[in-house]
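Please keep the sequence and the model open while reading.

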Amino acid sequence: MFNLLKNLLEKSNSDWQGSGNAHQQWREAGLSEQQYLAVVLMLQLSHADFSSAQQEHDVVMQYLQTEFGLTAAKAEPVFAEALAQAGDATCLHGFTSKLKNLPYPERLALLDQLWTIAFADGELEPNEEVMLRKIADLLFIRHGDYIQSKLAAQPLS
(Lines give C-alpha, C1' and ligand atoms only; values in the text may rest on other atoms or scores of the structure.)
Protein backbone atom coordinates (compact mmCIF):
# COMPACT_ATOMS: atom_id res chain seq x y z
CA MET A 1 0.00 0.00 0.00
CA PHE A 2 2.80 2.41 0.90
CA ASN A 3 4.57 1.71 -2.41
CA LEU A 4 1.37 2.40 -4.31
CA LEU A 5 1.02 5.82 -2.66
CA LYS A 6 4.72 6.55 -3.19
CA ASN A 7 4.42 5.68 -6.89
CA LEU A 8 1.35 7.88 -7.30
CA LEU A 9 3.11 10.83 -5.67
CA GLU A 10 6.19 10.35 -7.85
CA LYS A 11 3.97 10.16 -10.93
CA SER A 12 2.15 13.37 -10.01
CA ASN A 13 5.41 15.24 -9.44
CA SER A 14 6.88 14.12 -12.75
CA ASP A 15 3.75 14.34 -14.91
CA TRP A 16 5.01 17.08 -17.09
CA GLN A 17 8.44 15.54 -17.71
CA GLY A 18 7.41 12.59 -19.86
CA SER A 19 9.96 11.52 -22.44
CA GLY A 20 13.19 13.28 -23.24
CA ASN A 21 11.74 14.12 -26.65
CA ALA A 22 9.27 16.51 -25.04
CA HIS A 23 12.15 18.49 -23.58
CA GLN A 24 13.79 18.79 -26.97
CA GLN A 25 10.67 20.02 -28.70
CA TRP A 26 9.95 22.96 -26.43
CA ARG A 27 13.62 23.79 -25.97
CA GLU A 28 14.26 23.65 -29.70
CA ALA A 29 11.33 26.02 -30.18
CA GLY A 30 12.92 28.44 -27.68
CA LEU A 31 10.30 28.10 -24.93
CA SER A 32 11.08 28.22 -21.24
CA GLU A 33 9.95 25.44 -18.95
CA GLN A 34 7.20 27.65 -17.53
CA GLN A 35 5.94 28.58 -20.99
CA TYR A 36 5.74 24.92 -21.95
CA LEU A 37 3.96 24.00 -18.72
CA ALA A 38 1.42 26.76 -19.33
CA VAL A 39 0.64 25.23 -22.73
CA VAL A 40 0.24 21.78 -21.15
CA LEU A 41 -2.18 23.26 -18.59
CA MET A 42 -4.17 24.86 -21.40
CA LEU A 43 -4.49 21.53 -23.16
CA GLN A 44 -5.42 19.78 -19.92
CA LEU A 45 -8.21 22.31 -19.52
CA SER A 46 -9.39 21.67 -23.08
CA HIS A 47 -10.02 18.04 -22.06
CA ALA A 48 -11.76 18.85 -18.76
CA ASP A 49 -15.19 18.53 -20.35
CA PHE A 50 -14.26 15.09 -21.76
CA SER A 51 -14.41 16.41 -25.28
CA SER A 52 -11.73 18.28 -27.06
CA ALA A 53 -13.28 20.92 -29.26
CA GLN A 54 -11.29 22.04 -32.27
CA GLN A 55 -11.91 25.67 -31.25
CA GLU A 56 -10.04 25.09 -27.98
CA HIS A 57 -7.09 23.54 -29.79
CA ASP A 58 -7.08 26.41 -32.29
CA VAL A 59 -6.87 28.92 -29.44
CA VAL A 60 -3.86 27.10 -27.98
CA MET A 61 -2.13 26.91 -31.38
CA GLN A 62 -2.75 30.61 -31.95
CA TYR A 63 -1.40 31.33 -28.46
CA LEU A 64 1.81 29.46 -29.29
CA GLN A 65 2.22 31.47 -32.45
CA THR A 66 1.28 34.93 -31.20
CA GLU A 67 2.52 34.86 -27.60
CA PHE A 68 5.82 33.09 -28.28
CA GLY A 69 6.34 34.11 -31.91
CA LEU A 70 6.52 30.55 -33.19
CA THR A 71 5.86 29.66 -36.79
CA ALA A 72 3.21 27.03 -37.45
CA ALA A 73 5.98 24.55 -38.25
CA LYS A 74 7.66 25.12 -34.88
CA ALA A 75 4.38 25.27 -32.96
CA GLU A 76 3.06 21.92 -34.27
CA PRO A 77 5.61 19.61 -32.55
CA VAL A 78 5.41 21.62 -29.31
CA PHE A 79 1.61 21.37 -29.43
CA ALA A 80 1.78 17.60 -30.07
CA GLU A 81 4.17 17.02 -27.17
CA ALA A 82 2.12 19.21 -24.82
CA LEU A 83 -1.04 17.40 -25.89
CA ALA A 84 0.56 14.04 -25.05
CA GLN A 85 1.72 15.39 -21.67
CA ALA A 86 -1.75 16.73 -20.90
CA GLY A 87 -3.37 13.43 -21.82
CA ASP A 88 -1.04 11.45 -19.55
CA ALA A 89 -1.33 13.80 -16.56
CA THR A 90 -2.84 12.62 -13.31
CA CYS A 91 -2.98 15.92 -11.42
CA LEU A 92 -2.48 19.65 -11.78
CA HIS A 93 0.19 20.01 -9.10
CA GLY A 94 3.00 18.75 -11.33
CA PHE A 95 2.43 21.72 -13.62
CA THR A 96 1.31 24.46 -11.26
CA SER A 97 4.15 23.88 -8.79
CA LYS A 98 6.55 25.53 -11.25
CA LEU A 99 4.09 28.15 -12.46
CA LYS A 100 3.21 29.52 -9.02
CA ASN A 101 6.67 31.13 -8.93
CA LEU A 102 5.74 33.45 -11.81
CA PRO A 103 5.09 37.07 -10.90
CA TYR A 104 1.45 37.67 -9.98
CA PRO A 105 0.57 39.59 -13.19
CA GLU A 106 1.89 36.69 -15.29
CA ARG A 107 -0.18 34.20 -13.29
CA LEU A 108 -3.23 36.39 -13.90
CA ALA A 109 -2.44 36.54 -17.63
CA LEU A 110 -2.25 32.74 -17.66
CA LEU A 111 -5.61 32.51 -15.92
CA ASP A 112 -7.08 34.94 -18.47
CA GLN A 113 -5.82 32.71 -21.28
CA LEU A 114 -7.25 29.62 -19.59
CA TRP A 115 -10.66 31.31 -19.39
CA THR A 116 -10.39 32.13 -23.10
CA ILE A 117 -9.85 28.43 -23.82
CA ALA A 118 -12.74 27.41 -21.57
CA PHE A 119 -15.12 29.73 -23.44
CA ALA A 120 -13.67 28.96 -26.91
CA ASP A 121 -16.31 26.35 -27.76
CA GLY A 122 -19.13 28.69 -26.74
CA GLU A 123 -20.02 27.07 -23.44
CA LEU A 124 -18.47 26.74 -20.01
CA GLU A 125 -18.78 23.19 -18.72
CA PRO A 126 -18.90 22.63 -14.93
CA ASN A 127 -15.72 20.50 -15.07
CA GLU A 128 -13.87 23.32 -16.77
CA GLU A 129 -14.94 25.80 -14.13
CA VAL A 130 -13.94 23.43 -11.32
CA MET A 131 -10.56 22.87 -12.93
CA LEU A 132 -10.01 26.61 -13.32
CA ARG A 133 -10.88 27.17 -9.66
CA LYS A 134 -8.31 24.53 -8.66
CA ILE A 135 -5.67 26.04 -10.93
CA ALA A 136 -6.33 29.51 -9.52
CA ASP A 137 -5.97 28.16 -5.98
CA LEU A 138 -2.75 26.32 -6.83
CA LEU A 139 -1.35 29.48 -8.44
CA PHE A 140 -2.31 31.55 -5.37
CA ILE A 141 -4.62 33.83 -7.32
CA ARG A 142 -7.00 35.88 -5.20
CA HIS A 143 -10.67 34.97 -5.52
CA GLY A 144 -11.64 38.48 -6.59
CA ASP A 145 -9.11 38.34 -9.43
CA TYR A 146 -10.41 34.89 -10.40
CA ILE A 147 -13.95 36.29 -10.70
CA GLN A 148 -12.80 39.38 -12.63
CA SER A 149 -10.89 37.17 -15.06
CA LYS A 150 -13.93 34.97 -15.60
CA LEU A 151 -16.25 37.91 -16.20
CA ALA A 152 -13.80 39.53 -18.62
CA ALA A 153 -13.53 36.33 -20.68
CA GLN A 154 -17.26 35.59 -20.90
CA PRO A 155 -18.64 36.10 -24.37
CA LEU A 156 -21.27 38.78 -24.62
CA SER A 157 -24.73 37.35 -25.13
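## Terms and basis

A crossing is called left-handed if the near helix is turned anticlockwise from the far one by less than a right angle, and right-handed if it is turned clockwise. Helices are DSSP runs (H or I, at least four residues), numbered from the N terminus.

The model is predicted, so local features need pLDDT of at least 70 and side-chain atom pairs count only at pLDDT 80 or more, while totals for chains, interfaces and linings use all residues. Residues are numbered from 1 along each chain as its sequence is written, and side-chain values use heavy atoms, with hydrogens and water left out.

## Helix α4 and its partners

α4 passes α5 in a right-handed crossing. The two helices pack at an angle of about 125 degrees with their axes 9 Å apart, where axes are lines fitted to C-alpha atoms, for helices over the stretch in contact, and angles run from 0 to 180 degrees between N-to-C directions. α4 and α5 are therefore oblique to each other (under 35 degrees counts as roughly parallel, over 145 as roughly antiparallel, 65 to 115 as roughly perpendicular, and the rest as oblique). In this contact (heavy atoms within 4.5 Å), H57, V60, M61, L64 and Q65 of α4 meet A72, A75, E76, V78, F79 and L83 of α5.

α4 (residues 54–68) also crosses α7 (residues 104–119), with axes that come within 8 Å at roughly 145 degrees, and this crossing is right-handed. Here E56, V59, V60 and Y63 of α4 meet Q113, T116, I117 and A118 of α7.

Of the 14 residues of α3, 11 are buried, so the helix is largely enclosed by the rest of the structure; buried means under 20% relative accessible area, exposed over 50%, and partly exposed in between (1.4 Å probe, protein chains only). The buried residues include Y36, L41, Q44 and L45. α3 and α8 (residues 126–138) pack at an angle of about 150 degrees with their axes 9 Å apart, and they are therefore roughly antiparallel to each other. Across this contact, L41, Q44 and L45 of α3 meet E128, M131, L132 and I135 of α8.

T96, which lies in α6 (residues 93–99), counts as buried at 1% relative accessibility. Leaving aside residues up to four places away in sequence, T96 touches L41, L138 and L139.
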